[in-house]
Amino acid sequence: MSNAGLEGSPRTLLDKVWESGLVRAGEGEPDLLYVHLHLVHEVTSPQAFEGLAAAGRSVRRPDLTIATVDHNVPTTDRALPVLDLVASRQMDTLRQNADRFGIRLLDVDDPRQGIVHVIGPELGLTRPGMVIVCGDSHTSTHGAFGALSFGIGTSEVEHVLATQCIPQRPPRSMEIRLEGVRPDSVTAKDLILSIIGRVGVSGAVGHVIEYTGPIIAALSMEERMTVCNMSIEAGARAGLIAPDDTTWEYLRGREMGPRDHELESLIPEWRQLATDEGATFDRSVVLDVSAFEPQVTWGTNPGMVVPISGSVPDFELIEDTDAREGARRALAYMDLEAGTPMEAISIDRVFIGSCTNGRVEDLREAAAILSGRRVHESVHAMVVPGSAAVKRQAEAEGLDQVFREAGFEWREAGCSMCLGMNPDTLDPGQRCASTSNRNFEGRQGKGGRTHLVGPAMAAAAAIAGHLTDPRNLSA
Amino acid sequence: MEPFRTHTGIVAPLDRADIDTDQIIPKQFLKRIERAGYGQFLFNDWRYSENGSPRPDFALNRVEYAGASVLVTRRNFGCGSSREHAAWALLDYGFRAVLAPSFADIFQENADQNGIAAITLGADEIDVILVRAAERAPYELTVNLEARSVADGSDLTAAFEIDDFRRMCLMEGLDRIGLTLRYEDDISAYERAMAKALSPNSHNSDRAAPNQP
């Protein structure tokens with residue numbers, strides 16, 4: 001943070017949020033930041049609560065902590081028992097801990113249950129200027145509201161439970177400015193995949209990215225969340241977007257959000273969070289999106305990405321040794337040959353969902369392609385809404401009917417096949433077009449092969465039976 | 001947490017960049033509620049074939065790396081998921097230090113929290129260590145936090161930089177929560193100053209007139 005501590009000098013959004021969360025500036029140690037919202041889920045919290053109890057400590061601010069079950073939950077009929085007893089015990093442990101430590105839990109049968117990064121915003125818990133943490137790397141999602149939001153490990157979860165604070169070194173700041181004219185076919189997912197393809201999966205390590213420029217300002221809140229969500233895939237500590245009128249409008253009337261009169265008094269403060277004219281970033285990248293195209297990954301990390309009109313790259317041509325070796329391994333794992341057109345790659349499965357693309361706008365985007373069409377006979381396709389509320393909204397709009405009639409399975413909310421901790425997994429060798437965020441080896445199931453895409457491309461692939469440009473199938 | 005001052009051990013090479021935490025410990029092992037016992041699952045999908053037998057070509061299955069406690073690998077080690085199970089698995093397997101040209105931020109923090117020295121060396125130095133670990137196995141290195149150096153006892157000595165606070169916490173095996181609780185007065189003062197922003201509308205308080213969803 002190059003502008004920190006200089007009174008009166010122009011400051012970035014990051015500088016401002018940092019200062020407003022600062023409990024104590026470190027001298028020879030990290031700064032101490034206050035955590036305004038701590039999100040908890042079943043997978044990364046049991047050992048934290050156990051440590052807390054063993055040390056005889058309590059949760060300092062249960063009122064700023066909220067828990068849900070998302071990673072392990074089955075997405076089939078919720079009335080059925082959970083057959084995975086280890087997963088079931090983990091969820092029960094969260095129930096016991098929530099009860100014992102006085103934390104509100106949005107359990108599997110709660111109408112507000114869902115993926116932690118979907119429900120925080122939709123309930124109005126996520127607000128501009130906050131410091132938000134969660135034992136989950138996709139906490140970066142909440143940066144869409146101008147909140148400094150980052151994933152932490154379980155020891156840090158325990159730390160935050162006990163102290164409501166997190167020690168942090170000030171990160172470096174990185175601006176990614178998008179300019180030009182965004183083609184209609186380029187979704188928020190295509191924007192962030194294009195960015196990661198250019199910056200690389202370690203390109204933003206140690207940095208907080210602020211996405212700026214007219215293209216970003218024109219995005220809806222849900223699109224901004226998709227962009228910020230995958231900041232971690234470029235290695236960034238967090239992603240940020242300055243809050244604006246779009247942000248306040250989104251927050252209006254949310255169940256746990258500010259009430260209307262309160263919102264009016266908060267908006268003038270929140271407006272001040274924008275990066276000042278003349279503030280400097282440690283790094284700046286400017287990208288013209290005018291030539292961007294719909295994106296699809298070919299390899300085993302999100303930076304291994306090409307336009308859908310492209311081909312599987314030839315790893316022999318990659319100069320950097322590590323990248324060349326990585327690409328060689330990736331192609332072997334993915335069972336792909338250099339030069340194969342991306343559109344020639346057949347798929348077995350389609351997954352629409354996740355904290356990246358499991359919100360209602362994503363489902364609308366996919367349904368617009370599917371309407372009046374049928375899923376290819378060789379493809380097994382499923383939709384997993386990001387939350388129970390997303391599911392209800394989609395059903396109210398009749399989107400579930402579009403998906404069902406096309407041949408998609410319409411499931412209950414959860415993380416599902418984004419990481420395959422619940423029964424939703426790929427079989428070895430299966431190839432999936434997925435709207436999730438990670439195409440790592442085995443991510444969706446041991447031996448499974450993942451191609452990351454946006455919702456429109458996932459829908460198009462389901463119909464065609466192979467990867468295809470959604471522009472071929474526009475509604 | 002066990003203090004880390006200096007450690008000498010056999011080096012196991014993993015000559016790959018961008019090793020993500022899904023590889024270090026696959027998701028099917030994250031359902032347990034314990035902190036111990038993850039070493040058996042370390043690098044599971046690379047270590048074992050479909051039928052559960054060890055893959056002979058994977059470094060950790062080779063006899064010359066048996067008992068290894070220093071892992072050397074390439075850039076951006078530990079990217080992806082925030083799962084601390086990755087650090088628990090490395091430690092439980094017996095690794096006390098990981099050497100790489102760079103680490104993912106959350107992994108580095110998780111390593112610190114568990115007394116694993118995640119040490120950043122130059123890419124050239126890593127090249128040399130990877131070659132020696134392969135050619136001179138069993139190859140031993142001493143990671144010395146006090147001296148901020150890695151050395152093999154013959155002609156290789158590499159100095160590294162490490163944040164003084166990180167180094168102190170590793171060397172003393174400090175309880176980070178205890179450190180923060182020293183600032184109880186500052187935390188309480190912050191909460192008093194921010195009381196209005198933190199409490200009136202918080203989601204766990206009773207609300208007379210909730211907004212409609």
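Analyst: Two residues are in contact if their C-beta atoms, placed from the backbone, lie within 7 Å. Keep that cut-off in mind for chain B. The model is predicted. Take the contacts in chain B between residues at least 6 apart in sequence: 69% of them join residues at least 24 apart.

Chain B has 213 residues, and 41% of them count as buried. Its secondary structure comprises 9 helices and 7 strands. The C-alpha trace of chain B spans about 70 × 45 × 25 Å along its principal axes.

Next, the side that meets chain A. Here 51 residues of chain B are in contact with 68 residues of chain A. Five elements of chain B each give two or more residues to this side: α1 (21-24), α4 (105-113), α6 (164-172), α7 (176-181) and α8 (184-193). The largest share comes from α4(B), with 5 residues. By class, this side of chain B holds 19 charged, 16 polar and 16 nonpolar residues.

β18(A) has paired strands. With β15(A), residues 349-353, it runs parallel, joined by 3 bridges. There, A433(A) is the bridge partner of V350(A). With β19(A), residues 449-452, the pairing is also parallel, over 4 bridges. In that pair, C432(A) has T450(A) as its bridge partner.

Technical notes. Residues numbered from 1 in each chain as written. Chains lettered and ligands numbered in written order. Predicted model: local features only at pLDDT ≥ 70, side-chain atom pairs only at ≥ 80, totals over all residues. Nonpolar A, V, L, I, M, F, W, Y, C, P; charged D, E, K, R; others polar. Pairing = 2+ DSSP bridges. Buried ≥ 20, exposed ≤ 12 C-beta atoms within 10 Å, placed from the backbone.
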